[in-house]
Amino acid sequence: MTSQFVIMQLFNGLILGSIYVLLSLGLSIIFGMLGIINFAHGAFYMLGAYVAYTLTAYVCPNFWFAFIFAPIIMAGFGAACEVFLLRRLYRLPPLYIMLFTFGLMMIIQDIIRMIFGSMGVPFGTPKSLMGAVNLGFMCYPKYRLFLIIITALSSLGVWLFLSRTRLGSIIRAGTDNSSMVDALGINISRIFTLVFGIGIGLAGLAGVLAAPIQNVSPLMGMDFLIDCFVVVVIGGMGSIAGSIIGGVIVGEIIASGIMIWPPIAHMLIYLFMAAFLLIRPRGLFGREAFHD
Amino acid sequence: MKKYNAFCRPAIVISLILSMSILIVSSAKAADPVKVSVLTDMSGPYAGITATNVEAAKMAIKDFGGKLLGQDILFVYRDHQCKPGLANQKAKELYEKQKVDVIFDCPNSAAALAVSKQALIHKRLFFSIGSGTTRTSGPDCNRYTFDWAYNDYMLATSVGLWAADNLGKRWYTITADYAWGHDLLKHFKHALETKGGKLLGNDMVAFGTADFSPYIINAMNAKPDVLVLLNSGKDGVNSTKQAIEFGLKKKTKIVHALLFIEGIKAVGPEVFADDYVTGAWYWKSKNPGSKEFVQQWRKKFNKPPNWMNAATYSCVTQYLKAVKRAASKDPKAVIKELEGHTFRDLLANPGYIRPEDHMQVGKAYILRAKRPEEIKEPWDYFQIMDVMPAEEVYMDPTKTGCKMGCF
């Protein structure tokens with residue numbers, strides 16, 4: 001195993017990490033701000049890919065068109081879900097919302113399967129991003145570099161929004177103490193809708209980005225769902241930095257595992273998560289207040 | 001009293017005989033019609049390929065005439081969603097409640113093994129079509145189970161031998177990490193080594209992995225002539241798409257374990273262009289009855305059948321013919337008619353049912369997926385590169401490990 005090979009695999013681990021980062025950002029924000037464990041997150045990711053396919057197939061065969069509008073459509077759909085479905089469940093114990101999102105996942109997956117079939121739909125890489133770039137140590141696909149860059153920009157964008165804008169600070173306050181924010185006269189339920197919409201929008205973005213390099217099929221979200229929860233646990237629920245660093249860590253663990261002995265790759269991340277839960281349950285950057 | 005007795009006894013005896021004969025005659029008349037069933041994946045991962053096997057069976061029954069042994073042939077079907085536990089339960093229901101004489105299909109190797117055991121317990125027939133395991137015609141064979149059209153050994157050996165001769169002798173394999181993948185790897189490796197080739201490396205990949213890039217990088221590092229993808233469905237698409245991304249297909253040919261026209265249509269022929277795979281049949285086949293079958297199918301589904309559909313049609317037809325030859329639907333009589341029988345139909349020209357392991361053997365078609373610009377007709381996604389004889393691609397019947405017992 002040459003050092004060049006090791007560098008190649010570790011660099012590629014960033015890609016694995018990127019999808020995890022985008023998905024976990026959404027999951028983490030939703031849990032952090034709303035206390036909802038969203039089992040349907042993988043299904044929304046898949047829906048984002050299918051929305052992108054539908055846009056390119058029937059509206060405008062331009063990848064960039066889908067790239068911009070699919071996340072927006074998904075954010076709107078997420079907001080609608082929050083307003084019409086989830087809002088009714090807030091006063092119930094958290095288990096009910098978990099069950100609901102689980103059921104939502106099954107419904108979304110089966111509806112997509114009934115409309116589009118179970119074998120998948122075509123989605124190619126946009127021409128401007130085809131081909132590979134010579135990075136010196138390897139030739140790397142342009143599209144994957146693009147993916148890494150977009151993930152970095154999105155994470156930066158979300159962090160800036162939450163830490164530097166007024167709306168962001170309201171959201172953060174609402175996480176700490178929603179009733180106080182409510183008492184201060186701010187419409188907290190609209191904030192919740194916004195946050196859920198953003199979380200689902202991020203999942204949709206991940207779906208659009210993944211579509212060219214994966215099989216767009218009804219169960220594509222299932223492969224990521226469990227691993228995303230691992231990322232969120234390692235990074236810390238509700239933490240942006242945690243999702244980013246957790247996602248990268250998980251991607252790199254898998255890449256390293258594959259270099260050593262592939263069957264161990266996935267097991268390693270669960271072992272890692274188990275270790276975290278034993279030693280530092282709140283993850284890297286999570287806040288202690290969550291563990292009640 | 002004496003007068004009464006003298007009259008009574010004969011009367012009683014006569015009426016007993018009469019009622020017995022009425023009972024016997026009526027139970028003979030109520031000799032049940034032949035009941036055929038299909039147990040397949042209709043809403044699970046392989047539904048896109050196998051759900052239409054139900055129609056293939058119905059078509060076979062209709063083309064046979066719809067009647068057998070003087071009565072209409074009955075038909076039922078069940079969905080096992082590719083789950084072994086559900087398959088076991090449905091097989092029991094079919095044999096016990098529905099009283100079917102035969103079950104066809106059952107994709108998923110573990111499910112097929114379960115149904116095979118049920119067939120032995122209930123002493124009724126089972127024709128395994130969709131599943132690839134070599135165990136149903138090997139260590140787990142039984143007199144009531146038949147294996148039709150293909151198994152993993154045939155899949156691997158046919159395209160394995162051909163690829164080693166025509167594509168290159170340095171291989172890398174990416175294997176789905178479960179029983180089916182392991183079985184295929186064993187047979188592919190064997191085929192490669194008989195031709196003096198070398199397996200440069202193998203990666204076991206957890207079933208359902210979405211990102212194959214680390215394994216593609218591994219494979220490219222070894223610089224193989226051929227990359228063999230021992231997976232199917234979503235995993236097959238992902239590994240192929242990502243191989244293209246990294247430019248692997250520029251220098252290496254890809255061989256798949258399973259690939260169907262529906263899969264190519266779903267994700268687009270540019271993904272699978274110039275890949276190789278084996279099929280038991282292709283819709284351009286010139287076998288007797290093949291063209292008519294394709295025409296009928298096209299009218300109903302607006303697309304040609306895949307080889308699983310053709311295998312189901314052939315299997316049901318051969319069963320019905322065997323019942324006709326035996327003039328009885330008694331499983332033992334039908335089995336005796338099937339064992340050692342040679343036939344020519346749309347699937348196999350000829351096909352032969354081996355008595356040693358109940359494997360139906362026929363030629364294997366080496367298929368190349370066409371590039372988009374080569375496709376002149378809708379759905380004509382494959383080019384037949386070669387046809388390999390059954391003797392070369394099926395295991396020696398004495399070496400399968402099958403000890404065909406008695407009834």
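User: What makes up the count of helices and strands in chain A?
Analyst: Chain A has eleven helices and two strands, where helices are DSSP runs of H or I with at least four residues, strands are E runs of at least two, and both are numbered from the N terminus. Their order from the N terminus is α-α-α-α-β-β-α-α-α-α-α-α-α. This is a predicted model: local features need pLDDT of at least 70, side-chain atom pairs count only at pLDDT 80 or more, and totals for chains, interfaces and linings use all residues. Residues are numbered from 1 along each chain as its sequence is written, and chains are lettered from A and ligands numbered from 1 in the order written.

User: Why is chain A called as compact as a globular protein of its length?
Analyst: The globule rule (2.2 Å times the number of residues to the power 0.38, with the radius of gyration taken over C-alpha atoms) gives 19 Å for 292 residues, and the radius of gyration of chain A is 19 Å, close to that value, so the description holds. The C-alpha trace of chain A spans about 60 × 50 × 35 Å along its principal axes.

User: Why are strands 10 and 11 of chain B said to pair?
Analyst: Pairing requires at least two DSSP bridges between two strands. Strand 10 (residues 226-230) and strand 11 of chain B have four, in the parallel sense. One of the bridges joins B:Val228 to B:Val255 in strand 11.

User: What connects these strands?
Analyst: Helix 9 (residues 233-245) of chain B lies between them in a right-handed β-α-β crossover, meaning a clockwise path from the first strand over the helix to the second with the strands pointing away from the viewer.
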